[in-house]
Amino acid sequence: MSDRSALRPSDAMRVSLVGIKTRTTRAILSALGITIGIASMVAVLGLSESSKSDLIASLDRLGTNLLVVEAGGGIGFGSGTLLETAEDMVSRIGPVESVAAVGSVEANVYRTDLVPSTRSGGLSVKVASPTLLDTLGGSMAEGRFLIDSPDPLPVVVVGSVAADRLGIADFDGSAMLWVEDQWFGVIGIMDSLELAGNLDRSVLMTEATAATIFDYEGIPESLYIRSQPEFIDSVIEVLPATADPENPDQVQVARPTDALEARAAAEGAFTALFLGLGLVALVVGGVGVANVMVISVLERRGEIGLRRALGATRRHVAVQFLGEALILATIGGVAGVALGAGVTAAYSATRGWTTLVPAIAIWGGLGASLLIGAIAGLYPARRAARLAPTEALRSA
Amino acid sequence: MTDVVLSTEGLEKSYPGTPPVRALRGVDLLIEAGEAVAIVGPSGSGKSTLLHMMGTLDRPSAGSISVAGRQVQDLTDSELSAVRANHIGFVFQQFHLLPGYSARDNVADGVLYRGIELEERREMADRALELVHLQDRAGHVAEKLSGGERQRVAVARAIVGRPDIILADEPTGNLDSKSSAAVVDLLRDLNDGGMTLVIITHDLEVAGEFPRMVELRDGEIISDRRAA
């Protein structure tokens, strides 16, 4: 008959749970370090993914094919205006789908004629093409946008911030505004324009109205352009020379969605930083587990000696303590993933984002905690296994 | 002629130092199946060292040991573990029960490293607990038992796998005289049932309860008496 010392896998698991069962509080506390590390990493990845998906959704909704042409850039010229012909010329560029010009008139807007003239509220009066709203992909909160009309009527459309400041957000179709010694009827209030925030603080009128009342000469400050997306780079290239053939270097072309894309990229950079901090927390958690395991091996010398006397091999003892470290790390990791996902869901809810916890965060988190557990358990397990049975029994 | 369960020949054990400590100096001992042997001697006489050698927990510096027909001094560490798992039962002074686990599960651990299934181990444990008259304490956790009961659970753990020999290291050392007497009675009953037993004690009164007494001094056997 050949002798054999054998431990069934299910018993190896039971034996690894002995330390956790007999010292539960300590086990929970040591797993907590790993929980915090994993939770912060999962939350960072989840929040970054959720916010990025929100930005990408914004980009999809707004379209990345909007361009803005403005005057400026040259030193000492400072006219701040484009050519009168710019809108026409730009609209002839093949892939340009729509163009809207925006100019301004020297005027202030007030709620009534009784408001002192110094309280202009930081609002500006702009002249806009009727195509502006569609070009920007904007929408009306109330009423309708400007239309070309043969008879220039004293009417305006109000930006979202301007409507708030002027106290006409509750639109009932009867509001009047006092613009430079004349009453104007309000025909609509726009929703906030995500790609042209400056227009939110403006009151808009048609070119015909501005020309009649303020002697507006039709010289725009900026053009908003929608191009076919596949030709956008070519359009950007020809825009300066088209808008101002004589001084193309004084024409600035911008793509407002670049800012959003830059924001998405910047959040990526922060993600890496916070992920690094999460990793530090995880490693500290791992050191905590290793520390607790080393103490546990010292305290449980008697048990180790008994197990060797009962017939456990060195390997069985090593497996027991390594298993305990892995179980602690797994408990910590699972709790960490749950906590991290919970934090992501809670924060996303407050920001109105769709909660997204990437699979890599979940599986990576569990994998990282197992790896940390294995590393943390290796040294204590070796120490336990190398303990001579007689020494273990004597010191107990 | 009866079977020899355990024998040592010229057993030596020295611990390094200047000068080296010679804990055992040529011990020849033969233990036959069904014997109950008390090994006595003052502290430092080498009786614990001898028990560790017989239990394959430590290796001799010289000489040979045979346990259940196996020459163990040349076996590997895991082979020695296998010998302990299958042929030797231990009882310790400090009981070494796992807190938080029932008497039944503590006894079942006696055959844990034989690869027997948990359910079967528990059934074996229940039978062993009956032999030590603790069947009604099977579900009690270790810390709810009295000292005497704990040592009887430890004895049940030692016998649960029906080993060839039980090695008891000062089993009454942590017990009051009443519990001590109960444990000694239990060990004698088990021996009457055929269990081979070696008990180490410094208590001559306890040793006197057993039919054979081996006296050790300075690592040597100075007397080996059998009761008439």
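Trainee: Which strand order does the open sheet of four strands in chain B have?

Mentor: Strands of a sheet pair through backbone hydrogen bonds, either parallel or antiparallel. Here the order is β2-β1-β4-β5 of chain B, with antiparallel pairing. The edge strands are β2 (21-32) and β5 (70-71) of chain B, each pairing on one side only. Two strands pair if DSSP finds at least two bridges between them. Helices (H or I, at least four residues) and strands (E, at least two) are DSSP runs, numbered from the N terminus.

Trainee: How many bridges join β1 to β4 in chain B?

Mentor: Five bridges join β1 (residues 4-15) of chain B to β4 (residues 62-67) of chain B, and the two run antiparallel. To find your place there, L6(B) stands opposite V67(B) in β4(B).

Trainee: Before I go on, what am I looking at, and how do the labels work?

Mentor: This is a predicted model, where local features need pLDDT of at least 70, side-chain atom pairs count only at pLDDT 80 or more, and totals for chains, interfaces and linings use all residues. Residues are numbered from 1 along each chain as its sequence is written, while chains are lettered from A and ligands numbered from 1 in the order in which they are written.

Trainee: What should helix α6 of chain B span?

Mentor: The expected span of a helix is 1.5 Å times one less than its number of residues. The 16 residues of α6(B) (residues 177-192) should therefore span 22 Å, and the end C-alpha atoms are 22 Å apart, which agrees. After α6(B) comes G194(B), with a positive phi, near 110°.

Trainee: Which residues of α6(B) are buried?

Mentor: A residue is buried if 20 or more other C-beta atoms lie within 10 Å of its own, exposed if 12 or fewer, and partly exposed in between, with C-beta atoms placed from the backbone. In α6(B), the buried ones are S180(B), V183(B), V184(B), L186(B) and L187(B). Seen down the axis of α6(B), they fall within an arc of 155°, so they line one face of the helix. That arc is taken from the directions from the helix axis to the C-beta atoms. On the face turned away from the buried side of α6(B) you'll find the exposed K178(B), D185(B) and D192(B).

Trainee: What covers the buried residues of α6(B)?

Mentor: The cover includes α5 (147-159), β7 (165-169), β8 (197-201) and α7 (204-207) of chain B.

Trainee: Which residues have the most contacts inside the largest nonpolar core?

Mentor: A nonpolar core is a set of buried Ala, Val, Leu, Ile, Met, Phe, Trp, Tyr and Cys residues joined through C-beta atoms within 7 Å. The largest has 124 residues, and A156(B) and V198(B) have the most contacts inside it. Its largest share, twelve residues, comes from helix α3 (residues 24-62) of chain A. Apart from it lies another core, of 52 residues, with A86(A) and Y224(A) among them.

Trainee: How many residues of chain A are in contact with chain B?

Mentor: Two residues are in contact if their C-beta atoms, placed from the backbone, lie within 7 Å. By that rule, 25 residues of chain A are in contact with 27 residues of chain B. The largest share of the chain A side, six residues, comes from α10(A).

Trainee: And what is the radius of gyration of chain A?

Mentor: Chain A has 35 Å, whereas a compact globule of 396 residues would be near 21 Å. The radius is taken over C-alpha atoms, and the globule rule is 2.2 Å times the number of residues to the power 0.38. Along its principal axes, the C-alpha trace of chain A spans about 110 × 45 × 40 Å.
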